[in-house]
Amino acid sequence: MAFTGHVFLGMSVDGYISRPDDGLDFLDRTDGSGEPGDAGFTDFVGSVDALLMGRSTYRVIAPVAEWPYQGKPVHVVSSTLDPAADPRITVHRSLDDAVAALDAAGYARVYLDGGSTVRQLLARGRVQTLCLSRVPVLVGEGFSLFGPLPHDVDLEHVSTEVLGGGMVQTTYRVRESSPAATA
């Protein structure tokens, strides 16, 4: 059974998911009108069977005091990370290995996290939805979610909501007619 990939990411209005030093401090900014809360993150994590992220994303989240994934299996793609380094994760040496393991485990919905991982799986047609939360700040540089793709990925707008703090959250579905959906 092939899993469907689902993305839930915060970013600056200019499209950065982290600063050049991997800082995420800007994601907590608001426009002064209130806090966005968890922006639906808890419910989203509750809706998935497992998570897949790259080494860079893991490096940023690993030291967080409260592991946010509600006991869900977390899979990390890394050619260098010691597989025994963290009992909370399963390490795969390649994205192909990770995808095969997640499919073999029978997971239906997988949370995809990290720019490179999301881009590669978009290109492979493994992403079904993207929920993107834009924080009202321009950071000017950092790591972008998006970059080169081998073809257009057509999206269908599902919803847009303005959350506390001026955060704007938009959900898209990857269109089945998109080359990525049929790859």
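Thr-171 is buried, with a relative accessible area of 17%, where buried means under 20% relative accessible area, exposed over 50% and partly exposed in between, for a 1.4 Å probe and protein chains only. Thr-171 belongs to strand S10 (residues 168–174), helices (H or I, at least four residues) and strands (E, at least two) being DSSP runs numbered from the N terminus. Leaving aside neighbours within four places in sequence, Thr-171 is in contact with Leu-130, Cys-131, Glu-156, His-157, Val-158 and Ser-159, contact meaning heavy atoms within 4.5 Å.

The model is predicted, so that local features need pLDDT of at least 70 and side-chain atom pairs count only at pLDDT 80 or more, while totals for chains, interfaces and linings use all residues. Residues are numbered from 1 along each chain as its sequence is written, and side-chain values use heavy atoms, with hydrogens and water left out.

Strand S10 is part of an open sheet of eight strands with mixed pairing, in the order S5-S4-S3-S6-S1-S7-S10-S9; two strands pair if DSSP finds at least two bridges between them. Strand S5 (89–92) and strand S9 (155–162) stand at the edges with a single partner strand each, so one side of each is left without a neighbour in the sheet. Within the sheet, S1 (residues 4–12) and S6 (residues 109–113) pair in the parallel sense over four bridges, and Val-7 stands opposite Leu-112 in S6.

The largest pocket has a volume of about 1300 Å³, a volume being the space filled by probe spheres set on grid points joined across faces, edges and corners. On a 1 Å grid over the protein atoms alone, a pocket is an open set of points where a 1.4 Å probe fits, with protein on both sides within 12 Å along at least five of seven lines, and lining residues have an atom within 4 Å of a point. Of its 45 lining residues, Leu-9, Gly-10, Leu-24, Leu-27 and Asp-113 are the closest to the centre, whereas helix H2 supplies the largest share of the lining, six residues.
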